[in-house]
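Subject: Structure handover

Hi,

Here is the structure you asked for. My notes on helix packing and aromatic pairs follow below it.

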Amino acid sequence: MRSDPAWQKTSVLSAAALKILLDLEEGQRAPERWYLALLGFAEHFRTSSPPKIRLCVHCLQAVFQFKPPQRIEARTHLQLGSVLYHHTKNSELARNHLEQAWFISQQVPQFEDVKFEAASILSELYCQQNMVDSAKPLLRKAIQISQQTPYWHCRLLFQLAQLHTLEKDLVSACDLLGVGAEYARVVGSEYTRYSRGFLLLLMERKLGEVHPLLSLCGTIVENWQGNPIQKESLRVFFLVLQVTHYLDAGQVKSVKPCLKQLQQCIQTISTLHDDEILPSNPADLFHWLPKEHMCVLVYLVTVMHSMQAGYLEKAQKYTDKALMQLEKLKMLDCSPILSTFQVILLEHIIMCRLVTGHKATALQEISQVCQLCQQSPRLFTNHAAQLHTLLGLYCISVNCMDNAEAQFTTALRLTTHQELWTYIVTNLASVYIREGNRHQEVSEVGFSQS
C-alpha cells in the first residue's frame, strides 16, 4: 500500500498541512498537538477532490479518544455534526453531535462562534426532519443569548423569520424582520438593515403598493455608500425581488430590463473577492446568500422567465448551466437551499420536455425529483403537489387518463396554493372532457378552492 503513488501524494499533502499548523501553534502546549494533527488530516480529507468524507469523519472521531477539554470536545462535535449533515445521509448521527455541541458550548464561557453555529445548523437539521417544534425554541433561546454578538444575532433572527415564512405565518416573520432591522440600526449596520428592510416592506404592504416600494428600494440601493461586495450583494437581492414580483404578476415584458441588470450584476460580483474589503462592523458580515448560490439563483429566475416567455431553448440552455454548477457546489456544500434550487429547476425543465414531446426524458427527470424529495421530508412536503401534477401531465402525454385523474386528484388534496390549484383544476377538467360523458364532473371541478 505504501508504494501506491496516490497514497504517497495524500501523505505528503497531509504532512505539509500538519507542519504549517504545528509551526503556527509553536507556543501551544504539547498535549494539544494531537488535536492539531487530527484536525489537519480531517481538513485535508474534507477538501480533497473528490472529498474523502469517511476518512475525515474517522480523524475527527479519534479526537474523543484523547478525552479532550470541553472547548475541543464541543468544537469537534460541531465539526462532526456539520460534516455528517452536509456530506452524508446519516442525519441521526449528525443531530446527536450537533446537540452535544450546543449543550457543551453553553457551559464554556466566551465560546460564541461554536455555540451559535451549532444552534443554526441544528435548527436547519430539525426543519429538514419536519421537527419545526424543536427548531423554534432552539432559535429563540439562541437569539436571546446572542444580543452581544451582532453577526449571529442577525443571522439567527433571519433564520427564525424564514421558518415562520415557510409556515405562512407572515405576521411573526414581519415582527422578527422588524426587530432585526431595528437591531441593525442600533449597532450601526446600514447594510444589514437594508437587507431586512426590503423584505419587511414587501411583506407588510399590499400588492398594489409594491411598485412604488420597489422604486424606493432601487433608489436606496443606488445611493447607499458601502464596500463594493456589499453594494452588489444588495443590488442582486433587490433585483431578484423585482424580477420574481414581475414573474408572479405575469408581466413578462416588464421583467426584461431588470433581468438584464441582474445578469450583469452577478457577473460583476463574481469578479470580486470576499477578502478584498472586510467590513469593520461585525453585523455587516451577515450575507443573505453566498455569491456562488446567487449565481444559481440568477440562472433559476432566468429559466422561469424563459419558460413564461416561451423561449424553451433558452430555458434548456440555462437549466443545463445551473444544474452543472449545482453539481459542483454540492460536492462541498450540501446546503438545503441547493436541493430546493435543483428541484425547482427540474420542475421547470420537465414542463419544457413535455411541451416539446421528450416524454422519456421528462419521466427520468421526474424520477430525479422524487429521489431529491425522498432525502428531505420538508422538501417533499413543499413539492409533493407539484410532483403529482407533473406525473399527471406526463400521464396525459401518454394518453393514460385514469392515471392522470388520480395524480391530479392527489395533487389537489395536497396543495394550498391558489395558482397551482387553478392550474391542476384546469388540467383535470381537460381530462374529463377527453374521456367524454363526464359533463357533470367538468362543471363540479370549476368550484373554487375551499
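The axes of helix 12 (residues 228–248) and helix 14 (residues 291–309) come within 11 Å of each other and cross at roughly 20°. This is a predicted model: local features need pLDDT of at least 70, side-chain atom pairs count only at pLDDT 80 or more, and totals for chains, interfaces and linings use all residues. Residues are numbered from 1 along each chain as its sequence is written, and side-chain values use heavy atoms, with hydrogens and water left out.

First, the terms for that helix pair. Helices (H or I, at least four residues) and strands (E, at least two) are DSSP runs, numbered from the N terminus. Axes are lines fitted to C-alpha atoms, for helices over the stretch in contact, and angles run from 0 to 180 degrees between N-to-C directions.

Helix 12 and helix 14 are therefore roughly parallel (under 35 degrees; over 145 is roughly antiparallel, 65 to 115 roughly perpendicular, the rest oblique). Their crossing is left-handed (the near helix is turned anticlockwise from the far one by less than a right angle; clockwise is right-handed).

Which residues meet? Helix 12 brings Ser233, Val236, Val240, Val243, Thr244 and Leu247; helix 14 brings Met294, Leu297, Val301, Met304, His305 and Gln308. Contact means heavy atoms within 4.5 Å. By class, the contact of helix 12 with helix 14 has eight nonpolar, four polar and no charged residues (Ala, Val, Leu, Ile, Met, Phe, Trp, Tyr, Cys and Pro are nonpolar, Asp, Glu, Lys and Arg charged, the others, Gly among them, polar).

His293 also lies in helix 14. His293 is buried, at 5% relative accessible area (buried is under 20%, exposed over 50%, partly exposed in between; 1.4 Å probe, protein chains only). Leaving out residues up to four places away in sequence, His293 touches Leu329, Asp333, Ser335, Ile337, Leu338 and Phe341.

Now the aromatics. The whole structure holds three aromatic pairs (Phe, Tyr and Trp rings, Trp by its six-membered ring, with centres within 6.5 Å; planes under 30 degrees apart are stacked, over 60 edge-to-face, the rest tilted). Tyr151 and Trp152 are edge-to-face, 5.1 Å centre to centre with 75° between the planes. Tyr151 is partly exposed at 22%; Trp152 is buried at 5%.

Tyr299 and Tyr318 form a tilted pair, with centres 6.2 Å apart and planes at 40°. That pair links distant parts of the chain: Tyr299 is in helix 14 and Tyr318 in helix 15 (residues 312–332), 19 residues apart. Tyr299 is partly exposed at 22%. Tyr318 is buried at 17%.

Best wishes
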